[in-house]
Amino acid sequence: MIQLISFYLFASIVIAAAAMVIFARNPVHSVLWLIVAFFNAAGLMVLIGAEFIAMLLVIVYVGAVAVLFLFVVMMLDIDFAELRAGFVKNVPLGILLAVVLVAELVLGIGAYQAGAVKLGTPDVGVATASAAVPNIEAIGGLLYSKYVFLFETAGLILLVAMVGAIVLTHRRSHGTRGQNISSQVQRRPEDATRNVNQPIGQGIEL
Amino acid sequence: MTSFFQNLGMNYEAAWFTATIAGILLIALPLMLAVALIIYSERKLWAAFALRRGPNVVGPFGILQSFADGLKVFLQETIIPSASNRGLFLIAPIITFTVALMAWAVIPFADGVVLSNINVGLLYILAISSLGVYGVVIAGWASNSKYPFYSAMRAAAQMISYEVSIGFILICVVLWAGTFNISGIVEDQRGHIFGVINAYAFNPLLFPIAVMFLISSMAETARAPFDLTEAESELVAGYQTEYSSMAFALFWLGEYANVLLMCALNAILFWGGYLPPVEWAPLYVVPGIIWFFAKILLMFFIFAWVKATVPRYRYDQLMRLGWKIFLPISLFWVFLVSGYLMFTGHFA
C-alpha cells in the first residue's frame, strides 16, 4: 500500500518537474526543477531497493553537477525578449529533434519487446537485490571481480578526459603575480615594521 | 518503538507509521531546544575568550537569552524586497532548515537507538549535506542584491571544494570499518586500540585524517575561520543580508543544527560515538546517549574555541587549502589505508 502511494507520488513529481524544466521561463527555475526531478528519481531508486544508486544519484547529480549548472546559469545575463525572438527560427529544428527522439523511443521499445540483445560480454551474472546482502557489497563484488577490466578502463578514460580538459583550458597567464604562501607565512613583524621615536617637527625617512 | 504501538492494539503498518512520526518529533523538537541552548553557550564561550560577561540578563545566568531572541524575531515584520524573486526568497531558508534536520535520521544516539538504521547511512549524510548548499545559493540569487550574490558564489565553490576531501576521508573510515552503516562504524571502534580504547582517532594511521575532517567540517558548515559566505567586513551579512524575521531565524537554526550534526559526525567517525572512551565495565553504567552528547559538546567546544581565536582566511587561502593540500593528502591517505589493510589482510 505505502509502496504504491510512494511510487505514484515520486513518479508523478518526476514527470511534473521534468515538464516544468521545459516550461519554466527563467533558466534558474529550470535548473531548480531539474534538481527536484533528480531527487524524486532517487526516491524511485530507493523504492526498487537500489539504495546505493539512489544515494549516488543525489551526491553526484544534485550535490555536484546541478550546483555547477546553477553556478553558471545564475551568472548569465538573460534577455527574455531575445530568447523568444529566436523561437520561430528554431521551430523546424526542434520538430526534427522531437521526431527523431520519438522514432528512437518506438524502435527501442519494439526491440526490447522482441527480446534482449546479447552484447559482447558473456552473461556471467547480475547483482541481485536482496535484503541479506547490502547493495554496495553486491555491486562491489561484481564490479571488482567479473567486470574489473571494464571498470578500470572506464576510470582511465575519465582520467584522460580530466587531464585533457585541464590541458585544453589551462593558460599560464603572464603579468599576474600569484601568492607565495610560504614567504607570507615566514614573514615576521620585524621584517615589515619598525618602531621609531621621531622628534617633533622632522620628517621621516621611509 | 513499533512493537510498543503494536501492543496498544494497532496493526503493523499503523504502528510503524505512528512510531516513525513519534521518532521524528523525538529528534526534531529536542534538537531545536539544543540549538537554542548551544547558541547561548557559544555566546558565553566567546565572551569568556574575550574577557566579557556575555548574555546575563534574561533568566538565571542569561540562559533564556536565545528564547528571548527567538520571540523578538518572531514578532518582527517579514520584509520581502520588491526586486527579489518572491517564491525562491521564501523557500531558501526552509530548505536550509529542513535539510539540517533530515540528516539526523540516521544518527545513532545509543546502541540501537536510531530512527532509520539504513545500510548506506554515511552516503545518506553525504547526500543530504550536499543539499545544504542550495539554501544558501538560492537565497543569494533570489535576494537580487549584490552582496548576497557574491556570498552565494562563494558558498557554492567552497562547499564543492571541501566535499571532495570529506568524501575521501569518509572512504578511509569506511575501508577500515568495512561498512557504510553508521551503527556498524561505531561498533567497529569497540576496543579498536589493543582492545581497550574505543576510538579510531587514536589509531596513528587515522589520526591525521581525523584532524583533516575536523577542519573540513568547519569549512563545510562555513564556520570561522572559513566564514567567507557571511564575512561581515566584506559582504555585510552575506546571503542573509536581505532576510528578516522568521526567515532569518530559520537560517540561524539550520546553521547551528548543521554545526551540531558535523560535531556528531566527528564524534561518531573518529571518537567512538556512543561508546565510552575506554572499554571498562563500570563506564557502561553511564548510558550511551550521555557519552555521545558529551563527545558532541567537546567537539562543539573546539568549534567555538576556533571561532573565538582564529582570524578569517582569505578566499584564495581557503581554495588553496581545499584543493592543493587536503585533496592530495586525503587521496594519498586512501592509498595508504587501503594498502595497509590489504598488506595486513584486515578482511582476509
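How much area is buried between chain B and chain A, and what percentage of that area do carbon and sulfur atoms give? Buried area here is the accessible area (1.4 Å probe) that two parts lose on being put together, summed over both. For this pair of chains it comes to about 2,400 Å², with 78% from carbon and sulfur atoms. On the chain B side, B:Tyr134, B:Trp141 and B:Met153 lose the most area to chain A, together 23% of what that side buries.

The model is predicted, so local features need pLDDT of at least 70 and side-chain atom pairs count only at pLDDT 80 or more, while totals for chains, interfaces and linings use all residues. Residues are numbered from 1 along each chain as its sequence is written, chains are lettered from A and ligands numbered from 1 in the order in which they are written, and side-chain values use heavy atoms, with hydrogens and water left out.

Now for who touches whom. Counting contact as heavy atoms within 4.5 Å, chain B puts in 30 residues and chain A 28. Helices are DSSP runs (H or I, at least four residues), numbered from the N terminus, and H5(B) brings the largest share of the chain B side, 11 residues. That side splits into 21 nonpolar, 4 polar and 5 charged residues, where Ala, Val, Leu, Ile, Met, Phe, Trp, Tyr, Cys and Pro count as nonpolar, Asp, Glu, Lys and Arg as charged, and the others, Gly among them, as polar.

How values were computed. Helices (H or I, at least four residues) and strands (E, at least two) are DSSP runs, numbered from the N terminus.
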